[in-house]
2 protein chains.
Amino acid sequence: MELREIGEFGLIVRIQKRLAALPPAVIKGIGDDAAVTSLSPGTYLVSTVDLLVEGVHFNLSLTSAHLLGRKSLAVNLSDMAAMGAKPCFALISLAIPAQTSVEFIDDFISGFIEMAGAHCVSLIGGDTSASPDKLFVNITLLGEGKKGELVFRSGAQPGDRLYVTGTLGDSLLGLHVAQKREGKPASPDEAYLLERHLNPTPRVREGRALAEKGLARAMIDVSDGLFSDLTHICEESRVGATVLVERIPLSAPFQSVASPPGGQGWQAAIKGGEDYELLFSAAPEKEAEVRELARGWECGLACIGKIEPQSQGIIIRDENGPVDPRLLKGYDHFA
Amino acid sequence: MELREIGEFGLIVRIQKRLAALPPAVIKGIGDDAAVTSLSPGTYLVSTVDLLVEGVHFNLSLTSAHLLGRKSLAVNLSDMAAMGAKPCFALISLAIPAQTSVEFIDDFISGFIEMAGAHCVSLIGGDTSASPDKLFVNITLLGEGKKGELVFRSGAQPGDRLYVTGTLGDSLLGLHVAQKREGKPASPDEAYLLERHLNPTPRVREGRALAEKGLARAMIDVSDGLFSDLTHICEESRVGATVLVERIPLSAPFQSVASPPGGQGWQAAIKGGEDYELLFSAAPEKEAEVRELARGWECGLACIGKIEPQSQGIIIRDENGPVDPRLLKGYDHFA
């Protein structure tokens, strides 16, 4: 069935019907000029927005509508996680080419709602439009965080330890798998990497735990690549940093696919974006507490270096010494 | 200068530099994983989002970047006005074709910030992306409203008077001027209509005043067309309505361009979308109070009919009796 058969309001009603009962904090969800929600007094409203564009962020021949729905919320949840905030409400904007099937949108919404349900997020509104050509997905995510608990990019101090959750570079290799094999992985390792690219796990629980316990002094999610995102922390905090290449956590599939002995596979782990892991700094005296907290995390945690004075800049060091930073830059949409 | 010369972060810094000092309620604006804002306790957070797509909502050969910036926020402000809420914070998502000039984006942002400043709205975040082809603008607007003051679509009751601010149909005729004359109006009347289409005025002050005084029982902004938007109120409130065609407020330029004596120009005032006027119902005993309040409004106010029992449905009546509703439907993106 094509979208033109049900029309814009048909689409909205279809989305509305998919939603479970809304929590009391949703005063008015979909179906008015605006959504009305109530946040607890004494907390901050945290709002983030992420735009996913067909042909730029995703390729419909390489992913499914369901996974795209999951990922479009996951990337916003990852931003929320990087603040240590609790995600609450989402708004979806979709610009949809006329030939798109209703089934595609249904699958997209079902993936979105699955991811939302896993994090107690309510879909409260949005907008839909025809698109001349490509699919555009824009998600706004609203959350809350207690004053004094939220973690900014600007709090890192020289001497802090630098940590990262999970493993890096999997998503970039997964993208390569998608592109080279047209989404059909040739081995379990490739399947793992592809899954990491198409269906990332936002570290919401980990980010909130770090914030609640006051352990992270600066935090960001690794969406543009380790080097780029570390640069954001260093600029906002007016510090430098040293990262030791051998400490960067790499998954076994990453190592088997990208890192033959003596190879430069680790560069993919530094440049690669879309890992949606958390990169944060913590005071050196909190090291034991950080490790204790992370013991319960399935994704794991690695200390990859430390924060330095600003005058040092950012140094990525392998066994031969500092690496040329021009090799390590992430993705720029317009460059 | 093309965008590729300054890159994504260059663009963000450029936008940041345009912003005036942020109010204390903005804990963290542009430049972290998410924006952090504080709303007064005891109020509701009101959030709305509107998507504008090149080739669907606007044509870059017929408007300017500055006017597009103004309008992209205005349409969201109009939604906020229709809730009776106070707009506070905005997030912008832009998907930008590679060949777009930096000057275009600067002009867009300058129009946006001009409109934001007029309504004390702070730009606190957003996202940017390349676009394969068309420009996409997605604005999220967050506002607040006191419990008990916000006005929904669902509060209309039979017997209520039905009012509309300003005049209707100007925007649709302005669109025709833009299309027929390639944006070069042939008379002052056409120039007026074109301005109403390209640079609409959201009725924020009027919407808030109605809400604060508890005068509006149901309210919506006329974005899809009077008939469509009245249908939303009637469905949500489970009521019917009667509208008298001779009461529909028409501007002098509209009448001179669209309504030769004996013509059917009024149909454009009922079908035409994008007027961004407020349509609301109020209890009959509040009529004097409504008229007193509206005396201070430059845009004016007209009583165009009344709310009826649901069984009656919606009747639009001209001097010959009820009009066939199939003539009156508004715009559906996918139909």
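Q: What is the order of the strands in the open sheet of six strands?
A: The model is a predicted one. In this model, the open sheet draws its strands from chains A and B, and their pairing is mixed. The order is β1(A)-β2(A)-β3(B)-β6(B)-β4(B)-β5(B).

Q: Which are the edge strands of this sheet?
A: An edge strand here pairs on one side only. That applies to a strand of chain A with residues 26-28 and to a strand of chain B with residues 122-131. From one strand of the sheet to the next, the twist averages 20°. The edge strands are β1 of chain A and β5 of chain B.

Q: In which sense, parallel or antiparallel, do β4 and β6 of chain B pair?
A: Strands of a sheet pair through backbone hydrogen bonds, in either of two senses. Strand β4 of chain B covers residues 86-97, and β6 of chain B covers residues 136-146. Within β6(B), V137(B) stands opposite L94(B). The two strands are joined over nine bridges, and the sense is antiparallel.

Q: What distance separates the centres of domain 1 and domain 2 of chain A?
A: The domain assignment of chain A places domain 1 at 3-146 and domain 2 at 153-327. Taken over C-alpha atoms, the separation of their centres is 27 Å.

Q: Which element gives the most to the side of domain 1 of chain A that touches domain 2 of chain A?
A: The contact takes 18 residues from domain 1 of chain A and 20 residues from domain 2 of chain A. On the domain 1 side, the elements that give two or more residues are α2 (65-83) and β4 (86-97) of chain A. By class, that side has nine nonpolar, five polar and four charged residues. With 11 residues, the element that gives the most is α2(A).

Notes
Residues are numbered from 1 along each chain as its sequence is written. Chains are lettered from A and ligands numbered from 1 in the order in which they are written. This is a predicted model: local features need pLDDT of at least 70, side-chain atom pairs count only at pLDDT 80 or more; totals for chains, interfaces and linings use all residues. Two strands pair if DSSP finds at least two bridges between them. Helices (H or I, at least four residues) and strands (E, at least two) are DSSP runs, numbered from the N terminus. Axes are lines fitted to C-alpha atoms, for helices over the stretch in contact, and angles run from 0 to 180 degrees between N-to-C directions. Domain bounds come from an automatic or database domain assignment. Two residues are in contact if their C-beta atoms, placed from the backbone, lie within 7 Å. Ala, Val, Leu, Ile, Met, Phe, Trp, Tyr, Cys and Pro count as nonpolar, Asp, Glu, Lys and Arg as charged, and the others, Gly among them, as polar.
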